[in-house]
Amino acid sequence: MMEEKYDDTFLARWLANDLTAAEKLRFEASAEYQDYLQIIESVDLMEAPSFDRKSVLKSIQQKQQAPAPKVRKLQTSWLYTAAAVVILLVTFSYFYLTVDETFTTGFGEQTTVSLPDGSEAILNAKTTLSFNENDWENDRTVTLDGEAYFKVQKGEKFTVSTASGTVEVLGTEFNVHVHDASIFEVKCHEGKVQVTTKTQQKEILTQGKAFSSIDGKLASWTFNIHNATWRDGESNFREMPLQHVIEALQNQYDIKFEIENIDTTQRFTGTFSHKNLKLALRTVFDPMEISYTFKGEKAVILTEAN
Amino acid sequence: MTSEDKSVCESQHYESIFNTHAETLRNFVYYKCGSEQQAEDIVQEAFIKLWKNCAKVIYTKAKSYLFTVANNMFLNEVAHEKVVLKYKQQTKHKVSHETPEFILRQKEFQEKLQRTIAKLPEGQREVFLLNRIDKKTYAEIAEMIGLSVKAVEKRMHKALITLRKEIGNI
């Protein structure tokens, strides 16, 4: 046969138009060229059986709505309830067994808490932080609900315990943001931080790295440590469910939103100012195409803009 | 948002993956097994599996995930049928210049070609048809089936050699 004079990818290269001019010329002059050309011309007239993309997608979506996702949902909410119950029990017994120092901030407040060893915790609005002053030398653990920025003095392990997981460090600066059991976000501004979620997922963050678990979905990303944060009067969000951004606005400005007419599961990425309510409303809701109207001083009605 | 950050769990991203890859995936399985029904079932199962694991699969890896899953599912099922391809409708005037004899010979040739393609080893057939019918480049095919580009080219070359030999013999 004539094939022996070709290498083992020759015809593939011919089809991809990848032969040198000389190779091509020689091939086109050969006897077998016409055979191959006829085969390819004929094959190129063929097509695969028709494929009804829409109906296949539909039947996939129907199958997805069948048992599987339901089970998932039940399981997660079950897990969270179980986790919440356990945490409640643990924190309750903890409260009764030891006398804790507790700090709470109200609407729009920020407070700096000095911890016994000179470490600092800066609390954002509507946040609760507690720790055991007597046992501090042996156990540097604080319990957090809300959002706080920590400046930790070097020393033994420092632990932030929350409903969604724990953060462990030696000496560093980092931000922790938790809400119920659904939102858990850690940003490392300096040093090294180890995050452990309730589901025992471990993640080590270095400077500029962040990690979040939102409704059980994990994400890691990097951020600019020089950007303004809530400590500079600006709240940052990344792919945060709108529901939670609205709660953060309520916490900062002590107002109430009516949210019946909007989809609060949409994700919001961006910032809002703590100093100017009008500006804050505009930066959050304009890009989401949601319009807002004041009903009195303290209530805002949200509707989908058309 | 870069494509790596996109979550497969969000239905718009999931649907865009479906719209981009479903048909090629169906054809890929069809070229292996020759059964439209089986190919469609495997596509459905592969996409359902992608949905169930959406939190674990990175957006940019969804494509190779689908092809790997579909390939494994195919290996688990045994039914093999003959691959049958249709000919596209040709415009009439183009054909009318040819003599009836020529048309007959043309038809005969196409039938021979069909039979020979159906008889090709599966590995050669899927590469050959993904390239010719679905117009996928060797690099794209290599990514789908997890081979090197060189290996894909070899299969392609072999498929053509076999086709020419076999058609000559029929």
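Predicted model: local features only at pLDDT ≥ 70, side-chain atom pairs only at ≥ 80, totals over all residues.
**View 1. Helices α1(B) and α2(B) cross at roughly 140°.** In this view, helix α1 (residues 11-33) of chain B and helix α2 (residues 36-52) of chain B have axes that come within 8 Å, and the crossing of the two helices is right-handed. Because an angle counts as roughly antiparallel when it is over 145 degrees, α1(B) and α2(B) are described as oblique to each other. The residues of α1(B) that take part are Tyr14(B), Phe18(B), Ala22(B), Leu25(B), Arg26(B), Val29(B), Tyr30(B) and Cys33(B); among those they meet in α2(B) are Ala39(B), Ile42(B), Val43(B), Ala46(B), Phe47(B) and Trp51(B). Sorted by class, the contact of α1(B) with α2(B) has 13 nonpolar, one polar and three charged residues.

**View 2. Helices α1(B) and α3(B) pack at an angle of about 30°.** The partner of α1(B) is here helix α3 (residues 62-76) of chain B, and the axes of the two helices lie 10 Å apart. Angles under 35 degrees count as roughly parallel, and α1(B) and α3(B) are therefore roughly parallel to each other, with a crossing that is right-handed. From α1(B), the residues Ile17(B), His21(B), Leu25(B), Phe28(B), Val29(B), Lys32(B) and Cys33(B) meet Ala62(B), Lys63(B), Leu66(B), Phe67(B), Ala70(B) and Phe74(B) of α3(B). The contact of α1(B) with α3(B) divides into ten nonpolar, one polar and two charged residues. Leu25(B), Val29(B) and Cys33(B) of α1(B) are listed both in the contact with α2(B) and in the contact with α3(B).

**View 3. Chain A and chain B meet in a contact that takes 31 residues from chain A and 37 residues from chain B.** On the side of chain A that touches chain B, at least two residues each are supplied by α1 (10-15), α3 (33-43), β1 (46-47) and α4 (53-65) of chain A. The largest share of this side, seven residues, comes from α4(A). By class, the side of chain A that touches chain B has 17 nonpolar, four polar and ten charged residues.

**View 4. Strand β13(A) pairs with β10(A) and with β14(A).** Five of the six residues of strand β13 (residues 209-214) of chain A are buried, so the strand is largely enclosed by the rest of the structure. Its pairing with strand β10 (residues 183-190) of chain A is antiparallel and extends over five bridges, with Lys187(A) standing opposite Ala210(A) in β13(A). The pairing of β13(A) with strand β14 (residues 217-222) of chain A is also antiparallel and has six bridges, and here Ser213(A) stands opposite Leu218(A) in β14(A). Two residues lie between the strands in the hairpin of β13(A) and β14(A), where Asp215(A) takes a positive phi near 50°.

**View 5. Three strands of chain A form an open sheet in the order β16-β19-β18.** The pairing within this sheet is mixed, and its edge strands, β16 (256-261) and β18 (290-294) of chain A, each pair on one side only. Neighbouring strands are turned by 25° against each other on average, with direction ignored. Strand β19 (residues 299-304) of chain A runs antiparallel to β18(A), to which it is joined by five bridges; within this part of the sheet, Ile290(A) has Glu304(A) in β19(A) as its bridge partner.

How values were computed. Residues numbered from 1 in each chain as written. Chains lettered and ligands numbered in written order. Axes fitted to C-alpha atoms, helices over the stretch in contact; angles between N-to-C directions. Helix = DSSP H or I, 4+ residues; strand = E, 2+ residues; numbered from the N terminus. Parallel < 35°, antiparallel > 145°, perpendicular 65-115°, else oblique. Left-handed = near helix turned anticlockwise from the far one by under 90°. Contact = placed C-beta atoms within 7 Å. Nonpolar A, V, L, I, M, F, W, Y, C, P; charged D, E, K, R; others polar. Buried ≥ 20, exposed ≤ 12 C-beta atoms within 10 Å, placed from the backbone. Pairing = 2+ DSSP bridges.
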